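Here is a protein to read feature by feature.

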Amino acid sequence: MDNALLELRRIQTLPLSRQADALLENPEVLQRFPAEELYWFIHNLGLEDALELVQNTSPAQFCALVDFAAWRGDSFQLAALMEWLEVALGGEEEAFFAKLQGLDIEVLELLFQRAVHIKQVDEPEDNTLESMETVDGRLRLEFLPTGNQRHVLQRIVEIWAGKNALEFSRFLEAVRWNLPSELEETAFLFRNARLEDLGFPPRERAMSLLAWVDIKQYLLVPQTPSLVDAGEDFLEEGFKALTEEQRLQLEEEARYLVNGFLMAEEAEPGDGEAIYDLSRQARDYLNLGLHYITAGQRSFIVEALQQFGLRKIFQVGLSLTVDIKRELERMRKEPHAQWQKLWWTMEALYPLLSAINSRRPLLWKEGKKAMFRSLADISFARLQLEKARRQMAIMALLHQNEPQKALLPFGVELELLRPERFFCSAVAHFVSEGKVWAKPFAPEDIGHLEAKLCVSSFAEFAEAFAHSLSLSGEMFEEAKEMAMTCLHSLGAECDASKGEQGNLAAQNIFCLPIKSLPLHPPKAPCLP
């Protein structure tokens, strides 16, 4: 490894505020900085604090920075280009002109088409705009921007005309006659070609990164149920165990992987937030894949990295989550899993089912969506899907596989009623009358229900309810848990609805559908 690259690696380990100074002290090292990393570095530092860095970049680096900054999809962003030109203009005139010449001529033509009116000197003048004539006196340039942006354009004219008046004159004639749409299309194609050279593949090729793979082909160690709680950063540990040369090679592979992921997700190469988010997601998929391939055993991490490479490890991690989503899709197709696009489960499972159903499957953890990061997360999701299956089977016992008929007594759609309230009605009737009926509860019987709730413990009622459904094993335990959830809600709302005289107000019982009383919309949104 040459000295410049060694110094670059050293500088990259420094705090952000020190890196800029160190790079300015080493111009050769600065100009070896990979363009996409330099853009990300400047994005984090802030353009205003990176003026000297931008002014000391090479023309090729500056062109790449503009490629990242001045496009949104296939649309050219004039304001972004002007911002970077303004920063570059603060340096030496020769260096600025070299950067200008390093940009595609189509980009410069788009700049002048959108920001300057180019007229023959004998054409009517727009007195509201500041203008200047070309050296040969044939054309008048009227500048649309004001302030600093107008100054940038004026300086470009002065510098370019001063360096090569004939070339600039021909340039202005081309600006007048070329079609903007063709210029933008051509500039976009050139820009994409350069991005591909930097390791940003076309989206069509990048999509292959997201292909599902048969994860069983990538096992180095047999999976064991005990290894479900290891969520350490296996990727970081693997990098540390490699030689310097191996680490450099893997870093290049990681850079290409993240770039491909960025393009596959249709994010902008210059979108700092997208780069940050997708880099973290890629790292999570890599850790998950490594965790699976090694069965959580650290001694196999380096072997996994060397044998399979980051691309396959990434695909293994992604495929693990895709398998979870496919399991959800299979479950969706099972008889009576849903009614009116609503799962027949308790509310507590809805956020998880929604998270798994995301475009990229996610986990519901600690009250928010999160990435799958370990086999523990995969195991937890599978257990929750089995839990959902059990709940749907128990709900089917109540609606007897005829949900439309079972919902008629309630007089509302399931989206308003909610499966949990449907189930709660059956529990309430069992407590009050000893029979499992899923139907609206009579308001005059609320007092009797509250009294019965005080006779035995909730656990005894829940167990008796599960027995009444003739269940056993995991189904029995699931029905008990579901019943306990409803009983606690009923008990809490009965206590909260008592007036000063100790009388119950039926209209304040929200977890139970009551005859002649409107149902309140659910607190949580309907999650498919």
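Q: Which elements do the buried residues of α4 pack against?
A: This is a predicted model, so a caveat on reading comes first: local features need pLDDT of at least 70, side-chain atom pairs count only at pLDDT 80 or more, and totals for chains, interfaces and linings use all residues. Residues are numbered from 1 along each chain as its sequence is written, and side-chain values use heavy atoms, with hydrogens and water left out. Helices (H or I, at least four residues) and strands (E, at least two) are DSSP runs, numbered from the N terminus. The buried residues of α4 pack against α2 (16-25), α3 (27-30), α5 (51-55), α6 (59-69), α7 (78-89) and α15 (244-264). Contact means heavy atoms within 4.5 Å.

Q: Which residues of helix α4 are buried?
A: An α-helix has 3.6 residues a turn, so residues three or four places apart point the same way. Buried means under 20% relative accessible area, exposed over 50%, partly exposed in between (1.4 Å probe, protein chains only). In α4 (residues 35-45), the buried residues are Ala35, Glu36, Leu38, Tyr39, Phe41, Ile42 and Leu45. Gly46 follows α4 with a positive phi, near 100 degrees.

Q: What span does helix α19 reach from its first C-alpha to its last?
A: The expected span of a helix is 1.5 Å times one less than its number of residues. Helix α19 (residues 375-399) has 25 residues and reaches 36 Å, close to the 36 Å expected. Just after α19, Gln400 has a positive phi of about 55 degrees.

Q: Which residues lie on the two faces of β5?
A: In a regular strand the side chains alternate between the two faces of the sheet. Leu139, Leu141 and Phe143 lie on one side of β5, Arg140 and Glu142 on the other, and all are buried. Strand β5 spans residues 139-143.

Q: How many bridges join β3 to β5, and how many join β4 to β5?
A: Two strands pair if DSSP finds at least two bridges between them. Five bridges join β3 (residues 116-120) to β5, and the two run antiparallel. Gln120 has Leu139 as its bridge partner in β5. Four bridges join β4 (residues 130-133) to β5, again antiparallel. Glu133 stands opposite Arg140. β4 and β5 form a hairpin with five residues between them, and Gly137 in the turn has a positive phi of about 75 degrees.

Q: How many disulfides does a search of the whole structure find?
A: A disulfide is a covalent bond between the sulfur atoms of two cysteines. The cut-off is a pair of cysteine sulfur atoms within 2.5 Å. The search finds zero.

Q: How many helices and strands does the protein have?
A: The protein has 25 helices and nine strands. Its radius of gyration is 33 Å, well over the 24 Å that the globule rule gives for 528 residues, so the protein is more spread out than a compact globule. The radius is taken over C-alpha atoms; the rule is 2.2 Å times the number of residues to the power 0.38. Along its principal axes the C-alpha trace spans about 100 × 65 × 40 Å.

Q: What is the mean pLDDT of the protein?
A: pLDDT is the predictor's confidence in each residue, from 0 to 100. The mean is 90, and 95% of residues reach 70 or more. Over residues 524-528 the pLDDT is below 50.
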